[in-house]
There are 2 protein chains.
Amino acid sequence: MSASLGAPQGVPTLTDVARVAGVSLATADRVVNRRAGVRPATIARVEAAVAALGFERHAGAADLARRVRHRVTAVLPSGGNPFMRRLGEELSRAARLLGARRLDLTLAAAETLRPTRLAEAIEAAAGLSDAVVAVGLDDPLVAAAIDAAAARGVPVITLVSDVPGSRRSRYVGIDNRAAGRVAGSLVGRFLGPEPAEVAVLLGSRALRDHRDRLDGFAAVLGERFPHLRLAGVWEGEDDPVRARAAVAELLAAHPRIAAVYSAGAGNVGLARALEDAGSQACVVAHELTAETRPLIERGAVDALIAQDAGHEARSALRLALAQLSGTRIDESQERIRIEILLRDNLPEA
Amino acid sequence: MSASLGAPQGVPTLTDVARVAGVSLATADRVVNRRAGVRPATIARVEAAVAALGFERHAGAADLARRVRHRVTAVLPSGGNPFMRRLGEELSRAARLLGARRLDLTLAAAETLRPTRLAEAIEAAAGLSDAVVAVGLDDPLVAAAIDAAAARGVPVITLVSDVPGSRRSRYVGIDNRAAGRVAGSLVGRFLGPEPAEVAVLLGSRALRDHRDRLDGFAAVLGERFPHLRLAGVWEGEDDPVRARAAVAELLAAHPRIAAVYSAGAGNVGLARALEDAGSQACVVAHELTAETRPLIERGAVDALIAQDAGHEARSALRLALAQLSGTRIDESQERIRIEILLRDNLPEA
DNA sequence: CTGTTAGCGCATTCAT
DNA sequence: ATGAATGCGCTAACAG
């Protein structure tokens, strides 16, 4: 048995469509690209031809003919924890591969944690670009900046951290509440049925994604592992030094902590504090970076919840390009997975 | 701060290269595409120009100019468990999206478990195609067929299941030993520190990937969870009915089994047998399919180890195309991940 | 409103 | 061994 795909003799072209519809190439192009100025009757004829032939436009050829270069700028946090730096690199790589000829990527750094600054950065980016990709922040000022850009016709794609109330055209990133749930399940399963105390280390409660993760984590504990008590939530500001201090304090107050869910960054500090205190607590943290890899390899971290920076970067740029040139995309390819990494399934590099 | 990428004024074209090198477009093309018949001195000049300008060829334009269509056929198991069927669908989708104009995909079914049949199918496919993608089998006959195809200039890409000794040009799939290790870690962590008995359910020992998974699983238990004893290894032939029977027998002999690692298919049967016996055993299985999704959702399966069929399909086809047209690829994009799925991070669809 | 025409960057004959 | 010319499928002026 064997099934064949694709037209055997060659895929229909716009010229074919034009011929079948009895119009010129230009007119066919107009209706296919939904450009104005065609009589309804003509539109109908062309659309019939498109349907009859199963025409789909050749993206490569369209690309070639359309000489415009799209300028997109990506706004990333200036401080830059390892994951964010990685994201920047991957955006550059993706730009080179995906749209060498159509895409001018500009990387812009901004204090994405301060609403005013982020909003300014987005506005500035929208001024110079056809589309902007930005690591978001859940704040009205930021939402306003995004809405303003959108109103001007500059689509904004949020990356890694969404801006819920805004008119961003897409969000590329994981569902952070679900990520928190995954962390909760892992901790619940790893600890077993005995009552125990667990703690959460956040970067900051001001960060929407961290709050979402905490919510998801707490929800699972409540639903499925009621014998686990959330003894405390600390903030380490995504910084190793402060994280270490926060955790030290935490352990002093609750020496029996059996597990820590680290929803932010600064995990080296967390690990050190645990070692200092001689704690055997189970640790679940986020993102695979140069910082966390050694930790999971030597067992200081038990599991990592990760998102693939390369995939996110490609996806964001693909979506921006699709948006700008009216191409269709394969939704299933753009779904960002919540990955669970144990030391046994760490990717090579 | 902001960094810009890509030449501001327009990316260099082959024509630019030719001009700078002082040769014609055709000659530039010859060296860029490593075609024969160019004097070494000329090659050097063109390559210098390429380097100086940072030329990279425009894939879209190349696509357009090259009118050849590549025929690739994919050889999949005829029986077809849900995962394999999914793989077929994803190959079709990928073919449509990736190479609508350059790629004729033919899906061929074969009894991939019988070396003779698989070898025949691969030979037949190689006869009609420019490249073949096949779900492999670790057998000398199959390896021979692959080597013969390769010798004829038809590259063979193994998918999901590799053929180690052969000259396949690439293997697209997960590291099954690592997958087994992941399963072992999960079971080890889920069960906790008390001594317990665990069992493994295989499709068949004849399948290389199942054996690899078993090896990895056993290795982790030995290294990190010595208090867990592997009470038995059963074969369910990837079939729900036989799996159920095998597991029933297993439970009769070892009623205290605390966990089962199912390295093959037929998981509905496994779940039913466990329910019949009133066993609360922890279950780790493979692949997210219409069959396993309900199981993990209702808790009959605790974790799933999965590979993304869509990603694998796209990767295999991308590699085939790259091979056939001498394009370069982004290795990091082709790495197939071992995914760990809990009910909290199941993809939507 | 609709048609004609000239390329986009590259691979490919066909000459030389 | 090298060059000139043609066209892939499509978009974008520019004419009517």
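The model is predicted, and in it chain A is divided into domain 1 (7-57), domain 2 (69-173 + 309-336) and domain 3 (176-306). A rotation of 180° superposes chain A on chain B with an RMSD of 0.2 Å, and the two copies are thus related as by a two-fold rotation axis.

**The two copies**

- Two copies of a chain are related by a rotation about an axis and a shift along it.

**Domains and the annotated region of chain A**

- An unreviewed UniProt entry lists residues 12-66 of chain A under "domain: HTH lacI-type".
- Over residues 12-66 of chain A, the chain is 67% helix and 0% strand, while the end C-alpha atoms are 20 Å apart.

**Helices α1 and α2 of chain A**

- Helix α1 (residues 14-21) of chain A packs with helix α2 (residues 25-32) of chain A at an angle of about 105°, and their axes are 8 Å apart.
- Because angles of 65 to 115 degrees count as roughly perpendicular, α1(A) and α2(A) are described as roughly perpendicular to each other.
- On the α1(A) side the contact involves Leu14(A), Thr15(A), Val17(A) and Ala18(A), which meet Leu25(A), Ala28(A), Asp29(A) and Val32(A) in α2(A).
- The residues of this contact between α1(A) and α2(A) divide into six nonpolar, one polar and one charged.

**Helices α6 and α7 of chain A**

- The axes of helix α6 (residues 115-128) of chain A and helix α7 (residues 140-151) of chain A come within 8 Å and cross at roughly 10°.
- Since angles under 35 degrees count as roughly parallel, α6(A) and α7(A) are therefore roughly parallel to each other.
- Among the α6(A) residues in this contact are Leu118(A), Ile122(A) and Glu123(A), and those they face in α7(A) include Leu141(A), Val142(A) and Ile146(A).
- By class, the contact of α6(A) with α7(A) has ten nonpolar residues, together with one polar and one charged residue.

Conventions
Residues numbered from 1 in each chain as written. Chains lettered and ligands numbered in written order. Predicted model: local features only at pLDDT ≥ 70, side-chain atom pairs only at ≥ 80, totals over all residues. Heavy atoms only, no water. Axes fitted to C-alpha atoms, helices over the stretch in contact; angles between N-to-C directions. Helix = DSSP H or I, 4+ residues; strand = E, 2+ residues; numbered from the N terminus. Parallel < 35°, antiparallel > 145°, perpendicular 65-115°, else oblique. Contact = heavy atoms within 4.5 Å. Nonpolar A, V, L, I, M, F, W, Y, C, P; charged D, E, K, R; others polar. Domains from an automatic or database assignment. Least-squares fit on C-alpha atoms with pLDDT ≥ 70 in both. UniProt positions renumbered as here; feature names shortened; annotations may be inferred.
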